[in-house]
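Please read the following note alongside the sequence and the 3D view. The points take up charged pairs and then a pair of packed helices.

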Amino acid sequence: MANKRDLYEVLGISKSATKDEIKSAYRKLAKQYHPDINKSPDAPEKFKEVQEAYDILYDDQKRAAYDQYGFAAFEEGGNPGGGPFGGGGFTSSGFGDVDLGDIFSSFFGGGGRRRQRASSAPQKGEDNLTRIRISFMDAILGTKVTIPVTYDEPCSHCHGSGAESESSMQTCPYCGGRGTVTTQQRTIFGVVEAEQDCPHCHGKGRIVRDPCHVCHGEGYQRVRKDLSVNIPAGINAGQQIRVQGKGGRGINGGPNGDLYVEVLVAAHSEFRRDGNDIHIDVPLSFVDCALGCTVVVPTVYGEVSVKIPEGTQPDAVLKIKEHGIKDLRSGRPGNQFIHIKVQTPTRMSRQQRDLLTAYRDQTPASETEYARWKAKFKK
């Protein structure tokens, strides 16, 4: 491999090229040097060189190995599959992991052996998503909501077949029930086969001779309903509830997909949620915090008496056990945390002012909290 050209040079790209740039350069050169298009004697060798460059540079692991060790990374043990990194070189078809049908399609608007369509057997429909907004307390305690939905429901008479009866259906004689037919197209690359929906049964694999009198052969009926959905207690914002069978219409008589209801939860003016825990700020005067007191605190389940210890400091956090949100799975409740917010009075009577002044005068200036803090800077 010592005489081989640099792979980036082969594709005409920089060493910082993105994967999209690598693929774009490869497609251009593959078209230019493909032996079925380019009849020059050196075209096959150049095409092979371009293919090898793509196989290595488009694979992140192989590219990293090449950037570090060059072609030596793919010589170990004489393994044509890329030595210790595996998967290098060419596949038996000589086209790596690139779908030439996709390349030919971009060149000529078609061609290549196209991927076979989905089976004509009954298939479940696509799932749908809708969103609802509920209050904070409804999310905590649970509720029931009504959602207007429109969906396609299998016909009650033919159950989605579109036929008046079972005997009204027959296997499509043109595609043999496969739902697809194979066509051939001659291109400069030779004869290319493609599969497409059968034009007679439109991909269903069956032909209805006597359409259902209720749905007129459609197999479904458009329905508008008010759907009642139970919102479980403890649900969190962003979680989804699955409603079976209220999604997209099934294919070939298959069942409907499901409807997923995503729950959006409005914020509360006082309570804050963190997982299954509840947080709330409780304002108290500095006198109550200094002397201690008992207060009645709201929780999501009602009011609870809480003892505030003497000497409680600003921003202290107290816990009320098992007054948080019940876990959806285990039912185990979280806790509620009380954040103490000390309030300083802005208006005081003369008597209150005199009492606070007397309290301050009884505390030596050297023993105040400020004095002790300030003394730290003198050490």
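1. Lys124 forms a salt bridge with Asp258, with the closest N and O atoms 3.1 Å apart, where a salt bridge is a side-chain nitrogen of Lys or Arg within 4 Å of a carboxyl oxygen of Asp or Glu. Lys124 lies in the loop between helix H5 (100-108) and strand E1 (128-134) and Asp258 in the loop between strand E8 (240-243) and strand E9 (259-265), so the pair ties together parts that are 134 residues apart in sequence. Asp258 is buried at 3% relative accessibility, whereas Lys124, at 46%, is partly exposed (buried means under 20% relative accessible area, exposed over 50%, partly exposed in between, with a 1.4 Å probe and protein chains only).

2. This is a predicted model, in which local features need pLDDT of at least 70 and side-chain atom pairs count only at pLDDT 80 or more, while totals for chains, interfaces and linings use all residues. Residues are numbered from 1 along each chain as its sequence is written, and side-chain values use heavy atoms, leaving out hydrogens and water.

3. Arg5, Glu9 and Glu49 are linked in a network of salt bridges. The N to O distance is 3.7 Å for Arg5 and Glu9, and 3.1 Å for Glu49 and Arg5. Glu49 belongs to helix H3 and Arg5 to the segment before helix H1 (7-11), 44 residues apart (helices, H or I of at least four residues, and strands, E of at least two, are DSSP runs numbered from the N terminus).

4. The count comes to 14 salt bridges.
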